[in-house]
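Work through the exercises below with the sequence and the model at hand. Each task is followed by a solution in steps.

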Amino acid sequence: MRRLLARRMKFHLFGAFFVSLGCAALYKFLVAEPRKRAYAEFYKNYDPMKDFEAMRAAGVFESAPPK
């Protein structure tokens, strides 16, 4: 039973390291990359002036009353 803690700790440290790397890779490819693509697609066709005029017509702004 000598050095039992050291052996188990080494095993668990390596295991935790590889599990965390796997989780980071899964997050990157399953969450972050699709989110980046969605934002890029949205802003590719986004017209801020058109959006502003639509909000202005709806009466959202106090400083820019609807026409």
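The exercises cover a helix, its salt bridges and a surface patch.

This is a predicted model, in which local features need pLDDT of at least 70, side-chain atom pairs count only at pLDDT 80 or more, and totals for chains, interfaces and linings use all residues. Residues are numbered from 1 along each chain as its sequence is written, and side-chain values use heavy atoms, with hydrogens and water left out.

**Exercise 1.** Compare the reach of helix α1 with the expected span, and find where α1 bends.

*Solution.* Helices are DSSP runs of H or I with at least four residues, numbered from the N terminus. Helix α1 covers residues 4–44, which is 41 residues.

**Exercise 2.** Identify the salt bridges of E33.

*Solution.* A salt bridge is a side-chain nitrogen of Lys or Arg within 4 Å of a carboxyl oxygen of Asp or Glu. E33 pairs with K28, with the closest N and O atoms 2.7 Å apart. E33 also meets K36, at 3.4 Å from N to O. E33 and K36 are three residues apart in α1, so about one helical turn separates them.

**Exercise 3.** Which residues form a nonpolar patch on the surface?

*Solution.* The patch consists of F14, F17, F18 and L21. F14 is found in helix α1.

Technical notes
Helices (H or I, at least four residues) and strands (E, at least two) are DSSP runs, numbered from the N terminus. The expected span of a helix is 1.5 Å times one less than its number of residues. The bend at a residue is the angle between axes fitted to the seven residues ending there and the seven starting there. Patches are made of residues with over 30% relative accessible area and no salt bridge: like charges are joined within 9 Å, nonpolar side chains (Val, Leu, Ile, Met, Phe, Trp, Tyr) within 5 Å. Accessible areas come from the Shrake-Rupley method with a 1.4 Å probe; for residues, only the protein chains shown count as cover.
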